[in-house]
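Please consider the structure shown here.

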Amino acid sequence: MNGTQTLNRALDILFALSEANDTLTVSEIAEKVSIPESTTYRFLQTLEQNGIVERRGKSQVGLGLRILDLARSLSQQMHRELLPLALPIMEELTAQTQETSVLFVRTGLNCVCIQNVRSQGLLQFAVENGRVLPLASGASGKSILAYENERTIGRVFDTLGSKAEQSKLAADLEIIRTNGFCITHGEVDPDIFAIAAPIFDAHGLIVASLSIAGPNFRSNAEYDKEMSGYLLDASDRLSRRLGSG
């Protein structure tokens with residue numbers, strides 16, 4: 001097994017543990033990544049020595065604290081790069097639309113607000129940094145989910161209660177991919193509309209969603225078209241600043 005194959009197998013093991021959302025036995029890991037138990041055991045020994053995985057209880061293996069440190073460091077690095085580029089664009093977007101602009105990134109099967117620029121209007125949408133929303137509901141989450149990998153999309157679908165909900169979400173995601181943005185009315189907050197678009201990095205990967213939100217009574221077909229135009233221009237500029245396209 002060459003170096004690339006070794007790295008791929010180690011990553012397969014980490015993905016298997018991540019998707020399990022719990023611990024797995026060596027046998028379960030071996031089955032999921034399709035390699036012999038003896039080979040899996042050797043990989044786990046190396047990963048354990050480096051704190052990437054850890055043993056929990058009898059024969060149970062889970063992700064170690066070191067992998068959480070790496071994930072936290074990567075997230076912080078991304079936010080440091082993203083926020084200085086996003087903020088002036090968001091301020092301009094809010095000035096153009098007179099609606100609150102919001103930046104969300106994915107965390108697990110949810111998305112979290114990392115920046116907002118509030119409208120100065122008397123009637124406005126207010127959201128605090130750190131607010132967590134599900135990927136499956138609302139314009140911000142769906143605009144991220146539509147461009148996520150199949151593994152993440154499948155995990156979100158698994159959380160839905162019925163086939164009808166899955167079919168509805170699948171249709172919504174297809175519309176988002178076709179239009180390049182998402183409009184929702186009252187999905188997260190009953191009296192609020194939101195329009196969101198994806199943000200991509202230099203590799204074409206989804207990194208965030210940019211949205212505007214405001215009171216539902218202002219929303220109509222003509223207004224939504226005008227606002228989505230401003231939003232798409234802003235999201236495209238931010239993606240290009242991150243190196244996309």
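The buried residues of helix α6 pack against strand β3 and against helices α5 (139–145) and α7 (163–179), contact meaning heavy atoms within 4.5 Å. Helices (H or I, at least four residues) and strands (E, at least two) are DSSP runs, numbered from the N terminus. This is a predicted model, in which local features need pLDDT of at least 70 and side-chain atom pairs count only at pLDDT 80 or more, while totals for chains, interfaces and linings use all residues. Residues are numbered from 1 along each chain as its sequence is written, and side-chain values use heavy atoms, with hydrogens and water left out.

Helix α6 spans residues 150–158, and its buried residues are Thr152, Ile153, Val156 and Phe157; buried means under 20% relative accessible area, exposed over 50%, and partly exposed in between (1.4 Å probe, protein chains only). Because these residues cover an arc of only 140° around the axis, they lie on the same side of α6; the arc is that of the directions from the helix axis to the C-beta atoms. Glu150 and Asp158, on the other side of α6, are exposed.

Strand β3 (residues 100–107) is itself mostly covered, with six of its eight residues buried. β3 pairs in the antiparallel sense with strand β8 (residues 206–215) over five bridges, two strands being paired if DSSP finds at least two bridges between them. Thr100 has Ala213 of β8 as its bridge partner. β3 also pairs in the antiparallel sense with strand β4 (residues 110–117), over seven bridges, and here Ser101 stands opposite Val117. Two residues lie between the strands of the β3 and β4 hairpin, where Gly108 takes a positive phi near 65°.
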